[in-house]
Amino acid sequence: MYTLSLLLLIIFCLFIGICGFVRWDASWLRDMNLFPVQALIILTGIIFLCAALFLIYRLLQRLTEQSLKRTALLCMVILIIGQLALLFLIRPILRYDPLKTFDMAVEMLRTHAISETYETGYFARYTNNYPMVLLTYWFLLFLSKCGIAESFFMPAVQLLNIACITSSIWLGYLIVKELRNRQKAVFYLTVCVLCPLSYVWAGFFYTTTCSIPCLMGVLYLYLCIPKARTVLKRTLLGGLMGAILLLGYKLRATTMIAGIAVFIMIIFKLQNLIKANGKSFLGLRPILTAIFRKYAGAIAAFLVTVTLSLSFWQAMVEHYVPFDYKNTGFPMIHWVMMSSHWDGSYDQSDELYTFSFATKEEKIEADKKVLLERIQEAGPAGLIVLAGRKLLNTWVDGTDNFLAENSYCTYSRFYDYLLGIKSGFTVIYAQCFRVLQMLLISLAAFYSLKHRKRPPLFLIQLTFLGGIAFHLVWETNPLYSICFTFLGLILLSDSIACFAEEESFNPILRKGWRACTGAFGILFILLIFSKRELVDTPIEEEHYHVNQYQYAGEAAGFVNDYDQVYIQTFTTDKPFNRISIQAVNTIGPYNQSAFMVKLTDEYGTVLYNEKFLSGMVVKNTPYAFVLDPVIPDGLTSYTFEIAPGYVNGEDSLEFFAYNTGNCDMYPDGSLSIGGEEQPHGDLAFAVYEYEVTTYFNLKVYLMLCVGILILAGSITAGMRKESRSFS
């Protein structure tokens with residue numbers, strides 16, 4: 001079993017790592033967006049990243065135990081400050097599924113029930129989100145009882161999210177300390193400090209991040225229970241493990257992978273016990289009886305808390321869900337069916353297909369039929385190709401799609417270069433981390449397999465492998481690898497540490513500075529050639545001042561009443577020349593309805609007053625109105641009005657808006673429809689300045705090049721100096 005597990009880990013991680021050289025978004029490089037160039041960039045990056053991590057580990061080897069403790073504390077402080085800085089400087093806004101669960105929790109403060117009709121039946125379909133909604137609701141209820149204003153609710157849950165991420169990192173530290181030693185545990189923390197994924201999810205309050213401490217907690221408690229000296233302590237830890245496992249499973253099913261890994265490890269230990277004693281299972285009865293007596297309390301407490309937790313969550317769902325969710329909810333086979341084509345990602349047609357059946361039984365039979373048809377159509381070769389696409393869709397993107405998930409924020413130059421329109425170097429850095437991580441995990445597993453050494457972190461490897469294997473049969477998405485971020489960083493840091501200590505790798509490490517020197521030369525050439533693309537080539541940029549593309553709540557439907565006038569207000573003190581909206585046009589370019597659009601400032605001055613045809617609106621694409629440059633004199637309020645000119649049934653438009661009445665996604669404006677004020681409502685719209693510019697100006701690019709070359713040169717010099725210790 002060890003052999004099979006390590007072999008699968010090698011194959012999966014090696015495949016992802018190799019593909020990671022070329023499967024990343026390099027579109028910002030324009031004419032240099034070629035496979036050889038992408039591969040060279042990532043190769044150069046992972047050489048320097050690997051060398052830098054090696055130098056850091058060598059430095060940690062020289063620290064005393066007390067200094068290591070202080071370093072661990074310093075790392076945690078940096079991680080917390082970094083997340084808080086991102087949260088309060090960029091102020092990311094929840095969107096998509098995280099926003100729906102949060103918005104529903106806010107609504108429950110009034111209704112105390114999960115709605116069946118919210119967002120066209122979202123919670124009628126996705127019953128797996130009930131625990132997340134309930135936990136958020138109880139947290140917000142506590143805040144409201146404490147007198148906290150609703151405007152602070154979203155930052156509050158994001159702070160809770162930071163607590164989840166930070167506790168997950170700390171649990172990873174404790175796990176490595178238990179399985180290895182403090183030095184390697186501190187090195188893991190330094191890797192977390194350097195990894196961008198430790199920070200970018202600060203504002204992403206959802207099941208993927210909130211379930212991570214449960215997954216990590218299960219693994220840590222499994223290590224702690226055998227070391228507990230008293231029956232009472234083992235019993236308490238067993239009970240805590242059961243509660244955490246069930247909570248994590250209810251938040252996100254992937255937490256159960258940790259429980260399965262623990263169970264497999266227990267089976268392995270029993271098999272090793274039988275092999276070591278050279279007896280049959282029955283011959284070990286006295287030993288097994290003693291083991292069972294030692295852990296009977298922990299096992300009983302685990303089973304009791306799992307049972308009680310399961311009953312508790314079932315009772316809470318029955319209490320807060322007033323409709324028949326058993327028939328409206330999607331069965332598990334739906335996600336397997338939906339993931340059985342192309343790259344396994346979300347497909348709206350599959351969602352509508354499953355939802356079209358009335359009962360749970362009908363949904364299961366219908367999804368099973370489609371699944372079997374797709375499997376038969378694909379055949380063995382097609383299923384292997386499908387598995388490869390699913391692996392890449394979930395794991396190959398080193399950003400895990402954090403750019404898109406942080407796109408609704410407070411925009412600034414800092415945001416542009418870190419997560420926004422000029423974040424190309426952030427993407428490269430994140431991709432280097434992912435490629436290096438996968439290659440070293442694969443290499444470490446191969447080394448253990450070749451030398452028949454039982455890996456000290458096999459529990460972590462097994463759980464990580466389970467996370468990869470799970471998404472071979474489930475829906476895929478780059479976001480779904482978030483749950484295993486810190487397991488991957490544990491394995492990355494341990495691989496670096498092991499190779500640094502292994503004498504057989506000394507010849508490679510002795511010549512490592514030569515690889516850095518070669519990479520420095522490649523880097524220098526790449527920076528020279530990049531100048532034309534990044535400094536001299538014009539590009540289009542959109543500098544957002546208002547970005548309220550969120551939409552949810554009661555749809556106003558297609559405009560068929562001439563009194564159905566949309567009036568949206570907004571404020572800004574920055575120049576703008578575009579206002580865009582999101583709308584539904586089912587007819588296409590032949591839609592003949594027309595609307596009058598007017599923009600006025602707070603003094604009544606008309607800045608834009610034109611007619612536009614509905615046929616110009618393309619589905620799922622924001623439609624932008626081109627204005628003459630508007631330059632506010634300080635903070636100015638504007639009124640944007642859309643009035644029907646000619647409409648006829650569905651030969652019209654449906655304008656998106658966020659008007660659930662729960663959250664005010666844009667507090668600096670308001671929306672009225674047909675003269676009726678929408679509480680906490682806003683149109684799905686954006687205000688921005690469009691301009692043609694370059695990716696970098698020459699001064700910024702030169703500063704960036706100098707900084708990168710100094711860093712690369714320092715790493716090369718450090719490797720040259722360190723190589724002498726291997727002579």
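These legends describe an overall view and close-up views of a predicted model.

**View 1. Overall dimensions of the chain.** The chain has 727 residues and a radius of gyration of 28 Å, which agrees with the value near 27 Å that a compact globule of this length would have. Along the principal axes, its C-alpha atoms fill a box of roughly 90 × 65 × 60 Å.

View 2. The chain holds 25 helices and 15 strands. Residues that count as buried make up 54% of the 727.

**View 3. A patch of positive charge on the surface.** Six residues form this patch: Arg510, Lys511, Arg514, Arg720, Lys721 and Arg724.

**View 4. Arg720 in helix H25.** Helix H25 covers residues 698–723, and Arg720 is found in this helix. The relative accessibility of Arg720 is 36%, so the residue counts as partly exposed, because that class lies between the limits of 20% for buried and 50% for exposed. Arg720 also belongs to the positive surface patch, where the other members include Lys721 and Arg724.

View 5. Arg413 is placed in helix H19, which covers residues 413–418. Is Arg413 buried or exposed? Its relative accessibility is 59%, so Arg413 counts as exposed. Along the chain, Arg413 and His543 are 130 residues apart, and their C-alpha atoms are separated by 9.8 Å.

Methods: Residues numbered from 1 in each chain as written. Predicted model: local features only at pLDDT ≥ 70, side-chain atom pairs only at ≥ 80, totals over all residues. Heavy atoms only, no water. Patch = residues over 30% accessible without salt bridge, like charges linked within 9 Å, V, L, I, M, F, W, Y side chains within 5 Å. Areas by Shrake-Rupley, 256 points an atom, 1.4 Å probe, with all protein chains shown as cover. Salt bridge = Lys/Arg side-chain N within 4 Å of Asp/Glu carboxyl O. Lys, Arg positive; Asp, Glu negative; His and termini not counted. Charge placed at Lys NZ, Arg CZ, Asp CG, Glu CD. Helix = DSSP H or I, 4+ residues; strand = E, 2+ residues; numbered from the N terminus. Buried < 20%, exposed > 50% of the residue type's maximum accessible area, 1.4 Å probe, protein only. Rg over C-alpha atoms; globule rule 2.2 N^0.38 Å.
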